[in-house]
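Reader: I am new to reading structures like this one. Could you take me through the features step by step?

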Amino acid sequence: MAWLVVRLAISVSLLYAASAVFEDQVGKFDWRQQFIGKVRFALFDTHSQASKKLLVATDKNVFASLNSRTGDLFWRHVDKTGPEGHIDALLMYGQDAVVVVGNGRLLRSWETTVGGLKWETVLDTGSFQAAALVGVQDLVKYVAVLKKSAISLHDLSSGSQIWVENLPDSDSVQYQTIYSGGNGVVFVLGVVPNSHIVIVEYKIEDGEIMNKKSVEAVWMSSLESSCAVVSSGILLCVDQITQSLYTLPLQSAEQTEMRQIHLQMLDLEVVSGFRPVLTSTQPNPAQPPLSEFFLQLSPDHHILLQFIDGLIAPLRDFNPSYLAAFATSGERTVAAVMSPKNDTACSINLFSADTGRRHLDTTIIYHMDPNGGKPNRLYVHAFLKKDDSVGYRVMVQTEDLTLTFLQQPGRVVWMREEALADVVTMEMVDLPFTGTQAELEGEFGKKAAIQDGLLPMVLKRLSSQFILLQAWLAHLWKLFYDARKPHSSVKNDVTIDILSRDEFNLQKMMLMVTASGKLFGIDSKSGTILWKQYLENIQPNSVFKLIVQRTTAHFPHPPQCTLLIKNKDTGLGSLYVFNPIFGKKSQISVPALPRPVIQTLLLPVIDQDYAKVLLLIDDQYKVTAFPSTKNVLQQLQDTASSIFFYLVDSSQGKLSGFRLRKDLSTELIWEVVIPTEVQEIVAVKGKRANEHVHSQGRVMGDRSVLYKYLNPNLLAVITESTDTHQERSFVGIFLIDGVTGRIVHEAVQRKARGPVHFVHSENWVVYVYWNSKFRRNEFSVLELFEGAELYNSTVFSSLDRPYAPQVLQQSYIFPAPINTLEATLTEKGITSRHLLVGLPSGNILSLPKMFLDPRRPELVSEQSREENLIPYAPEMPIREEWFINYNQTVSRVRGIYTAPSGLESTCLVVAYGLDIYQTRVFPSKQFDVLKDDYDYILISSVLFGLFFATMISKRLAEVKLLNRAWR
Amino acid sequence: MCRVRRVCVAALLLLAAAASCALDLKLHDDEEEDEDAMFQTPGGDVRVRVSGRALVPGVRAQDWVASARVLLDGDKHVGFLRDDGSFTVSDVPSGSYVLEISSPTYRFQPVRVDITTTGKMRARVVNYIKTSEVIRLPYPLQMRCIGLHSYFIPRETWGWSDFLMNPMVLMMVLPLLIILLLPKVFNPSDPEMRREMEQSMNMLNSNQELPDVSELMTKFFSSPKSHAKAGGGARGHRGGAQSARGGASRRKIKD
């Protein structure tokens, strides 16, 4: 019975707190973009002419099918992260695609039209080397997988293993490649570095070794990329030290050494320091490869060669050329070569592979993005036109992970920015006012206005009103002009020039920093990329921190953002300052950072140009200010005694607090050591600087007030035990005052382990951990209160707080795994808070903070009902209505960013991971704007109805009065 | 006609027999699979294959498998679905996992899968509160779709019937009708009727305990209990309606 009451109470409160999406809101203010990552393998479906499929496998462990006409995804399979989901090879035959996953652990075959799995087999352990399709008599039937010490052959239609054989002498020989020319045997090629090559020949039927030989090759270190099989089973290798090509027929038993052909004889030379690359093509796995091949001699020099009757003949020299690739359509094989045209463009041409002759009218001009990287991969899709000539389309991948799909004569069919699959950090910046709005603002903003006197002010007001009128008329004219044009031709292109802040500041600029070092400026309303900037020379293990130093509020000063790029190994950092609206690099001189940066601090102090001051602390505790004008230094001197900062050294388990001195040196104030033998610090979080708390306390059921402990300097420190045993592991949380180092609260969760996700805001900390005893995720909430009285209600000072806060805690079961956690944020903090939980299924759950309230009573009382407290229930509910992204799941959600909008009810949310999803949430429903479904027709019809009813009744009353008077 | 029917029945019987045969075969297959579902890694820890089948009744598997995944404990282990809805998650070390099928459209009940260190497996109902409770489920897993995800809440729609059946509106409209219609039904100038009404009025007035309408109203308005603020307006209206009725009756008496 009691349960029933609890349930009832919960369901009642749910009705109150529900904030869900209505079906008609789909796509109205939210959008999702799906990404795949850096392409490692791409294959065009050449099975049929009309096929639009493009199969890709990427470094994000994603296997997907793209529509080659639009660039959209047909389907996408996201495997687990890490090496266990790594895609080693992608092979395609007909409708099937075979994928080797997890260092040769799994072999999967996919049906490519629907995207369903056909079969999956587990292979023996051993590091993966190569995989190849094996054909017998023009039919591809098998797939062979080469591991470090074994080779196995699998049936292509069922995945069943035909045979598996151990490789001879696998501890000394490095087997690296596999080759089959469709004549009933599989060759496995191995190398003993700087000694000899080993060639083992297996019979396809039963895996019997037909032949095994070793050929001397002292110069060889690795078979990969410097060797290829051409023509009818000729192994061809290139070596840059001896400047020679070597050939060896694989099948002949008698030849025991490789034939050397000096490159000089062909008038060729490998650039010193460059590892030459051989590229051959085998259009049909059941037939031997073609006798033509590419030899790359330097980064921008390719040559097409032909191997006939033991002789090598150059067909065409491509100097300069960046990229070259083969493609086959039907019986015809072509080669596409990209060569530089001028500084900003490249031209791609098509050549017939067997003669090296250029196909006429096949040039594609590829315009390089001046803010992008260089092209580094070329994928060609060749097809036969109606007149039997070969047409082609190309996909170009650049260093900054842009995929561009081009067709003749250089039209960009589609473009994908795959760098966005790995967003590291982001910020949202308000859009600037339009010129007219800024003009109006300027009228009030200037100090001069007061000195001007009355008349000039009136004139100014009139002129600005006139400008507004003008803008309005122009807007009307544009509306009219657009309306006359047919609907399709009206472009809804968003450009930077027309972007301006909307009425409620709902549209913002999203700044996204990606792991590859590419920055993006994205319109939050439509998801259009407005600018992009590739930063070259970014180390792959860099960490980024994005800081907004000046917002758009300080017209005419442009907004300013600073990106701190730090090398993870050396700790050395550099600053990149840019305008977040236009993406242009700022001309401001940036301080050099000779020492590793260990902490940054954005101060509320502003310089004369309204830029907030950024302090960078190096490993010798020296402070660099940016900007460091005289004005700033003066201000810093004045306020130095009240500037504190903290440092975390997780390797020594040390937290330390420092104070700034007037000469920009620092002094140690406090130090907290958390012994590393027992536990280690995994995360430290303060509160968000732009957070507002509206109410100082909570009104209790008996009309008294429980004041919140709102310490802006509070740090939440999460520790995990070093002992990972299920019984002894624990998760600890410390709440430390960042100024005094006082430990405000300490809690330990026994039999728990990470990963811990937590949110620290207002007077509460919510954290999630894994309960290893009961094998479930648990939420715990800590709330801090000062009590019934505030100690000093005017100002909070960490140095003067004699009483420790009251701490309330409660824990709940969360019936799902968690990827990330964040809290909503609104302009003034009046709206109730929700927690946004990113789930591995890709959904984002909006969980009312109401459910995470340590004051939830176990027994319902009159007072708790008065306070709207939900009775305690151990299990947290998950309702599908709370999934703010309905079926638009975000794969591998890694972070959620929340930003306030101009409307108090509305919080902007961006979830990023493999995909990016942007939406708005209304934690307390839209209380400050009319609802979407507000019935204008009803209200106006009622109004008009009443109006007419009054008119008629008035008239009737008049007639009646008149009649009575006559009586 | 009769013969045709007999043939049909025979065919059906045959079909059923064939189906049961197929089922038997399938079961055997599964048993065979069970044996090779276990692997011993060089490190000595057991790696097993969790397999099962997901079913969405009435929907072809091709239409939904491409967007679905099988997740073990979040995305610690991931499996994919075949064209017929069956799935295997390979390489799972021993432990206890919650297996769920994540599909953006269809909803499935999660299942807890326990794998012992020797590679034995069992499936049971997920219970986060009593984690040790065992309600066994068949293994290989049979995952049945339990409906579509209901992501949206319906809009509050507005209809005339809702409006008219609203108690507030009824309260307002009925007295109005009475005011308008009553004078038409009884003719107040008829002396007989007048006498009758006076009599009934006297009877009412003789009952002195009945509170006056105006008293009632003041009572309603002067007791604004803070917790019932929302209800205040409604009560006010109700009072208004009553007063209207009362007013009407009194006027009738005067006439």
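Author: We go from chains to cores, then to the disulfide, the rings and the interface.

Reader: What should I know before starting?

Author: This is a predicted model: local features need pLDDT of at least 70, side-chain atom pairs count only at pLDDT 80 or more, and totals for chains, interfaces and linings use all residues. Residues are numbered from 1 along each chain as its sequence is written, chains are lettered from A and ligands numbered from 1 in the order in which they are written, and side-chain values use heavy atoms, with hydrogens and water left out.

Reader: How many helices and strands does chain A have?

Author: Helices (H or I, at least four residues) and strands (E, at least two) are DSSP runs, numbered from the N terminus. Chain A has seven helices and 62 strands. Its C-alpha atoms fill a box of roughly 125 × 85 × 70 Å along the principal axes. For chain B, the tally is six helices and eleven strands.

Reader: Which residues have the most contacts inside the largest nonpolar core?

Author: A nonpolar core is a set of buried Ala, Val, Leu, Ile, Met, Phe, Trp, Tyr and Cys residues joined through side-chain atoms within 4.5 Å. The largest has 39 residues, and Met395(A), Met510(A), Met512(A) and Ile916(A) have the most contacts inside it. Another core, of 37 residues, lies apart from it and includes Ile818(A), Tyr886(A), Val893(A) and Val921(A).

Reader: What does Ile916(A) touch?

Author: Leave aside neighbours within four places in sequence. The contacts of Ile916(A) then include Trp31(A), Phe35(A), Leu420(A), Met510(A) and Met512(A).

Reader: Where does Trp64(B) sit?

Author: Trp64(B) is in the loop between strand S2 (46-55) and strand S3 (69-72) of chain B. Trp64(B) is buried, because its relative accessible area is 2%. Beyond four places in sequence, its contacts include Ala54(B), Leu81(B), Ile101(B) and Phe108(B). The C-alpha atom of Asp83(B), 19 residues away along the chain, is 9.2 Å from that of Trp64(B).

Reader: How many disulfides are there?

Author: A disulfide is a pair of cysteine sulfur atoms within 2.5 Å. The count over all chains is one. Cys227(A) and Cys237(A) form it, with sulfur atoms 2.0 Å apart. The link is right-handed, with 110° about the S-S bond. Cys227(A) lies in strand S18 (residues 227-230) of chain A and Cys237(A) in strand S19 (residues 234-239), so the pair ties together parts ten residues apart in sequence.

Reader: Are these two cysteines buried or exposed?

Author: Cys227(A) is buried, at 13% relative accessible area. Cys237(A) is buried too, at 0%.

Reader: What describes a pair of aromatic rings?

Author: The distance of the centres and the angle of the planes describe a pair. Rings of Phe, Tyr and Trp (its six-membered ring) pair if their centres lie within 6.5 Å; planes under 30 degrees apart count as stacked, over 60 as edge-to-face and the rest as tilted. There are 31 such pairs over all chains. One of them joins Phe294(A) and Phe326(A): 4.9 Å centre to centre, 40° between the planes, hence tilted. This pair links strand S23 (residues 292-298) and strand S26 (residues 323-329) of chain A, its two residues being 32 apart. Elsewhere, Phe63(A), Trp75(A), Trp110(A) and Phe80(B) form one aromatic cluster.

Reader: Which residue lies over the face of Phe758(A)?

Author: A charge sits over a ring if NZ of Lys or CZ of Arg is within 6 Å of the ring centre and within 35 degrees of the ring normal. Lys685(A) lies over Phe758(A), 4.6 Å from the ring centre. The charged end of Arg688(A) sits over the ring of Tyr897(A), at 5.7 Å from its centre.

Reader: What area is buried between chain A and chain B?

Author: Interface size is often given as the accessible area lost when the parts come together. Buried area is the accessible area (1.4 Å probe) that two parts lose on being put together, summed over both. Between chain A and chain B the area is about 4300 Å², and carbon and sulfur atoms give 55% of it. In chain A, Lys80(A), Arg775(A) and Glu880(A) lose the most area to chain B, together 15% of what that side buries. In residues, 53 of chain A are in contact with 42 of chain B.

Conventions: Buried < 20%, exposed > 50% of the residue type's maximum accessible area, 1.4 Å probe, protein only. Contact = heavy atoms within 4.5 Å.
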